[in-house]
Amino acid sequence: MHRAIRAAAAAAGRGLSSARGASPRSPGAPAWGAIRWLCSGREALSYDVVIVGAGPAGLAAAIRLKQLCRAADADLSVCVLEKGSEVGAHVLSGNVFEPRALDELIPKWRQEDAPIRVPVSSDKFWLLTKNQAWTLPSPFDNKGNYVISLSQLVRWMATKAEELGVEVYPGFAASEILYDENQIVTGVATNDVGIAKDGTKRETFQPGVELRGRITLLAEGCRGSLSEKIIRNHKLRERGQGQHQTYAIGIKEIWEIEEGKHEPGSVIHTVGWPLDTKTYGGSFLYHLDDRQLAIGLVVALNYRNPFLSPYDEFQKFKQHPAVRKLLEGGTAVQYGARTLNEGGFQSIPYPVFPGGAIIGCSAGFLNVPKIKGTHTAMKSGMLAAEATFQALIEGSSMELYWENIKKSWIWEELRTARNYRPAFEYGFVPGMALSALERYVFKGKSPYTLKHGKPDHEATDAANRHTPIQYPKPDGQITFDVPTSLYSYFKVEVMCLPNNIFILYSNPSFLWYRSNTNHEHDQPPHLRLRDPTVPERINLPVYAGPESRYCPARVYEYVTDEKGDPKLHINAQNCLHCKACDIKDPKQNIEWTVPEGGGGPGYTVM
Amino acid sequence: MKILVAVKRVVDYAVKVRVKPDRTGVETANVKMSMNPFCEIAVEEALRLREAGAAAEVVAATIGPAQSADTLRTALAMGADRAVHVLHDPDPARPLLPLVVAKILRAVALQEKPGLVILGKQAIDDDCNQTGQMLAGLLQWPQGTFASKVLLDKEKQKATVEREVDGGIETICLKLPAVITTDLRLNQPRYATLPNIMKAKSKVIKKVTPEDLNVDIRSDMEVTEVNEQPKRKAGVILSSVDELLDKLKNEARVL
């Protein structure tokens, strides 16, 4: 229904603290630091810094800015926009947290009730075959790290930010970048809301609002929609480390398991089954507290077989005897999915553009062999904040952000980790061998830098080179069909393809809203096809419609219309905002744009 | 004329509700809370009446813990002028029942002296559908429940309410002051815009306690246990009426 309103409640309530004590920036400026004027028919609000995305990077930047202001007795107005209905609603991550950046940002976090309570107690690494789990020496070193829910951590960070005077507004989606006549970015605009599916204005129509910032920081997470536009328009990849970004999709569930099976802090990673030797990926099982278990599968999106369904691979994985026995007797509590960067060092773009910078996973600082990106995302936010502060107060260039990244531990860490992932281009065994070489012989000082393979969307083979994969039927106890994971009611549809018949299951007696996902029904679909004929002309005949398989929310289905022809049907309402389609569509024909703010998943413990 | 709108903070309608492991209630920690959807419709109706000139002021009220102020801020962000927050920390074993809520709202109404009290027809957590009716009874005011249309006549001090009843639509005329509860088709609540959210921060929320209002909130009902619904068992296909009778008599024991 009206997530925006709900979001407003949460925002406004938490935003109370930001209305106090802001020193006047200019004569007559209202206490909350916003000046309004009407421009191009839209209201405009002004801030010194506008941050898009209330994730670890965005909030770390906001907090750091306010800390710098306090130390220098200056004041800058900072606004953070978040498209989720509340902070953390769109945040999903494993997560084994390395507190390195948080220690720098909020040294006393332990005394401030941070939701970081479970230290890693054991670290195991298994090679799975269909029925066995072989213990391998763990390549990870998680001493000093914690098993957390990033969604919870980010909500805590938001309260810290608001205590410092940051204005955080969940429920508002930044859909447009604002430019001045010199093509310098001057802020963002939120999307118009209350537009019906057919494009007409509904009774509840409200135009978007412009948020003007002297500096704009984009912290949208992996494959951010505005960030991708900026990267393309300003050729930031070529001006950075040069390689394209590569991605993986992570599918995750939180389970409440039986007391006797739960070991808080236990960390397990697996490789091997169910993925084949040509598909990079692996799984994770992290024990939190309160009998909760985070379990997930990460599949690199440069997989070749168009019949692969990461969601079904995950369900298959849960059936492994070593995994099943953990889950039996438990309940699945939350489900979600999100893509993540795997390009590492070679794919870091030049992250500065006229008027702002890109921070966190929107640029891409995830350390792939460590499978951690939160600490580097936070650090990048802090570095950007420092450069922003200097730019606004002293007039220096934002170029300083890039210089600081290159001098920081982010650079050193990612440089050391740079060859692990690209090694798997040569296959699973060479990949493992080269990784062992990196780790035990070169110890990060390898004389070469491997390159990535083809971009993920180009890596998909034509369907006629593979056979469809028969995935086992979900049992409803350990494994579930997508509707059960998303929510209850769903129609049963039979998709008829030229050579194969696919059936969508439904189970209407379940009433699970596990991902808590929803969107205002009556709005234009936010998943746009650049060329509407491509799905039926190319995706379906050549690739057997891979979008109907890699989307973890089954947004894309091919249904037969009245004439008996297959047609792509987009159930945009199911969307989990994971961005897999934007990444993996073979012709890059699907464009993920941001829907009305407040929609999308409602993660609370992911 | 003033309009008083009562709103309730409930678990967000899109959230999957779960029972706590100790079975004392429903899990509310780490769960998204929002304004009850019917209450949103009530706020929207009050705002429309004010915008049409039938009322001068819209006051939002809620009963709940400190976090319920969020719900009031939503109402203020939508356009309410000010708010009243009756502070009460919930006890899952003794939740506030509609009669007590009605008593508190009665005290607020007697203080505020509105010409109209609008509430949602029911809350999506307890589905009681009683508070509006009880409030009208306690105040001895006329009531128009399940409203799908409200027309206010300021001069004649009357409200014409179309009610959604089982048989169809019933139109009644109420002398003000009156109590109206909203049904789904009354209106589409507006989005709160960013500028309005910012404006709402400076609107006044008056805090009171039930003691200030002289209302005794002791409940004579106690929740002893909350359980999940038993899993639906698979159906059985029978071959004859005799078998059906046998099962009904001996297994289900309903005959």
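Which residue stands opposite Val78(A) in E3(A)? Val49(A) does. This is a predicted model, in which local features need pLDDT of at least 70, side-chain atom pairs count only at pLDDT 80 or more, and totals for chains, interfaces and linings use all residues. Residues are numbered from 1 along each chain as its sequence is written, chains are lettered from A and ligands numbered from 1 in the order in which they are written, and side-chain values use heavy atoms, with hydrogens and water left out.

**Strands**

Helices (H or I, at least four residues) and strands (E, at least two) are DSSP runs, numbered from the N terminus. Two strands pair if DSSP finds at least two bridges between them. Strand E2 (residues 42-52) of chain A pairs with E3(A) in the parallel sense, over 4 bridges. Strand E3 spans residues 78-82 of chain A, and 5 of its 5 residues are buried. Buried means under 20% relative accessible area, exposed over 50%, and partly exposed in between (1.4 Å probe, protein chains only). In a regular strand, side chains alternate between the two faces of the sheet. From E3(A), Val78(A), Val80(A) and Glu82(A) point one way, while Cys79(A) and Leu81(A) point the other way.

Strands E25 (residues 556-560) and E26 (residues 566-570) of chain A pair in the antiparallel sense over 5 bridges. Thr560(A) has Pro566(A) in E26(A) as its bridge partner. The hairpin has 5 residues between the strands, and Gly564(A) there takes a positive phi near 90°.

**Helices**

His375(A) is found in helix H9 (residues 374-394) of chain A. His375(A) counts as buried, at 1% relative accessibility. Contact means heavy atoms within 4.5 Å. Leaving aside neighbours within four places in sequence, His375(A) is in contact with Glu98(A), Ala101(A), Lys370(A), Trp409(A) and Glu413(A).

Helix H5 covers residues 225-233 of chain A, and its buried residues include Leu226(A), Ile230(A) and Ile231(A). Lys235(A) follows H5(A) and has a positive phi, near 50°.

**Aromatic rings**

Rings of Phe, Tyr and Trp (its six-membered ring) pair if their centres lie within 6.5 Å; planes under 30 degrees apart count as stacked, over 60 as edge-to-face and the rest as tilted. The whole structure holds 11 aromatic pairs over all chains. Phe424(A) and Phe428(A) have ring centres 6.4 Å apart and planes at 50°, so this pair is tilted. Phe424(A) is buried, at a relative accessible area of 15%. One aromatic cluster is formed by Phe345(A), Tyr350(A), Trp402(A) and Trp411(A).

A charge sits over a ring if NZ of Lys or CZ of Arg is within 6 Å of the ring centre and within 35 degrees of the ring normal. Two cases follow.

| Charged residue | Ring | Distance from ring centre |
|---|---|---|
| Lys201(A) | Phe205(A) | 4.5 Å |
| Lys584(A) | Tyr303(A) | 4.2 Å |

**Cysteines**

A disulfide is a pair of cysteine sulfur atoms within 2.5 Å. The structure holds 0 disulfides over all chains. For Cys69(A), the nearest cysteine sulfur, that of Cys79(A), is 15 Å away. Cys69(A) is buried, with a relative accessible area of 2%. The sulfur of Cys581(A) is 6.3 Å from the closest cysteine sulfur, in Cys575(A), which is too far for a bond. Cys581(A) also counts as buried, at 8% relative accessibility.
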